[in-house]
Amino acid sequence: MRATWRWFGPEDPISIPEIRQAGATSVETALSDVSANKPWPAEDIAAMRQAVEHPGGKESGLAWDTLGGIAIHDDIKLGRAGAGERMDAFCETVRRLSGHGVRRILMTVMPLLDWVRTDLCIEMPGGATSLGFDTTDFAVFDLFLLKRQGAREDHTVEAIAAAEARYAAMPASRREALLAMLTRGLPGGPRFYEGAEFRALLAEYNAQSRDQYRQNLADFLGAVAKTCAEEGAILGIHPDDPPMPLCGLPRIASTQEDFDWLFDAVPSRNFGMIFCAGSLGSRAGTDLPAMARRFGPRIHYAHPRRVAFTGEDGSFREAAHLGGDAAFDLYDVLKELCAEEDRRRAAGWSDWEIPYRADHARRMLNDVHAPDHVPGYPRIGLTVATAELRGMIHAIQRNSRDQAS
């Protein structure tokens, strides 16, 4: 396994030389300011590659080999009349990226709302802060801020009562912040939606059944996987985050059954998953090591992070990689991923590696009082998390070699 880093482009306060200092071997990035409506211009792809691999004309020692955060147009997800044209544009973008050495294509398949958090600054023991998801706060958003039609049918009587009490005690500033955070999105979605447009799209997504939604995505993913196979590239999708229904929206990448269905629908080995331990593990009762074993050959990338449950209702916050309060032991997950790499090498795979990156890190030290460039991606927290992961992986691999000798 090798460490990578998500970079948000030239405006990111973390520079390419700093990323190399942190121990990363390559960069995951995207052209976030380019529309998903048509193929990305080849000259823009070339410019991004130059910015990563030769900033200021000097070789960085890092490669841009992974695309992260590419948007899937709503036409595709909703099966609108323009879906075919959007698919063709996406596949052409994949061809152009592959021509520039970017052959690991990562995306999310969540409808409208990408990864969701209700709090960006939960204080942890010692003073660091982390991101979190509170189900009662989300119910406040759904029931009383968004006022979604049919919302009460999706919440229990107890959850509605708790949300009513929370809403009554919630300051106006917190209500406004919660509404903005959840309707305008966190990094990864196609773009920010304003109020009326958000509500119109939400109604359109709510009108679509789960079966229809995942069939739309399966048709698209199959087409992209075919293009990837032709270009020597691979495609990985991120699990739903959190892996639970939100605002009545369909969820298709939350459980083992979901991924069994997707991999049956798109059998190409060029199509697989991002094994995000934090997303999958925020569903209580998930056996992450068993899931890693089951889907091992289809794991194309990993986000080894942990969460800690903060209530019996499914609320959680991001947790430190090392420590005793998390919902699962990350060591057990990394052990399975390292074992999968060993199996691939033994089978003669040319693409045996499972790259990984630190994700949703804690804000700590000087970052605590600094404004976020992107929530969940502070430089010090990411550096510490990367070091912890590299240490665990080194120990696992060394132990495996010692046992084999």
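1. Surface. The protein exposes about 17000 Å², and carbon and sulfur atoms supply 50% of that area. Accessible areas follow the Shrake-Rupley method with a 1.4 Å probe, and for residues only the protein chains shown count as cover.

2. Basis of the values. This is a predicted model, in which local features need pLDDT of at least 70 and side-chain atom pairs count only at pLDDT 80 or more, whereas totals for chains, interfaces and linings use all residues. Residues are numbered from 1 along each chain as its sequence is written, and side-chain values use heavy atoms, with hydrogens and water left out.

3. Overall fold and dimensions. The protein has 14 helices and 12 strands; these are DSSP runs numbered from the N terminus, with helices being H or I of at least four residues and strands E of at least two. The radius of gyration is 21 Å, close to the 22 Å that the globule rule gives for 405 residues, so the protein is as compact as a globular protein of that length. The radius is taken over C-alpha atoms, and the rule is 2.2 Å times the number of residues to the power 0.38. Along the principal axes, the C-alpha atoms fill a box of roughly 60 × 55 × 45 Å.

4. Burial and contacts. Of the 405 residues, 54% are buried (buried means under 20% relative accessible area, exposed over 50%, and partly exposed in between, with a 1.4 Å probe and protein chains only). Among contacts between residues at least 6 apart in sequence, 69% join residues at least 24 apart; a contact means heavy atoms within 4.5 Å.

5. Charge. There are 46 positive and 57 negative side chains, and the centres of the two sets lie 2 Å apart. Lys and Arg count as positive and Asp and Glu as negative, while His and the chain ends are not counted. Each charge is placed at NZ of Lys, CZ of Arg, CG of Asp or CD of Glu.

6. Cysteines. A search of the whole structure finds zero disulfides, a disulfide being a pair of cysteine sulfur atoms within 2.5 Å. C121 is partly exposed, at 43% relative accessible area, whereas C247 is buried, at 3% relative accessibility.

7. Backbone geometry. Most residues other than glycine have a negative phi, and most peptide bonds are trans. D241 and P242 are joined by a cis peptide bond with omega of about 0°, and P242 lies in the loop between β7 (234-238) and α10 (256-265). C247 is also placed in the loop between β7 and α10; this residue is not a glycine, yet has a positive phi of about 55°. H360, likewise not a glycine, has a positive phi of about 50° and lies in the loop between β12 (356-357) and α14 (379-404). H360 is buried, with a relative accessible area of 7%.

8. M48. This residue lies in helix α2 (residues 42-53) and is buried, with a relative accessible area of 8%. Leaving aside neighbours within four places in sequence, M48 is in contact with W7, G9, P10, T29, A30, L31 and W64. M48 and D264 are 216 residues apart in sequence and 35 Å apart in space, C-alpha to C-alpha.

9. T93. Helix α4 (residues 83-99) contains T93, which is buried at 3% relative accessible area. Leaving aside neighbours within four places in sequence, T93 is in contact with K38, P39, W40 and I70.
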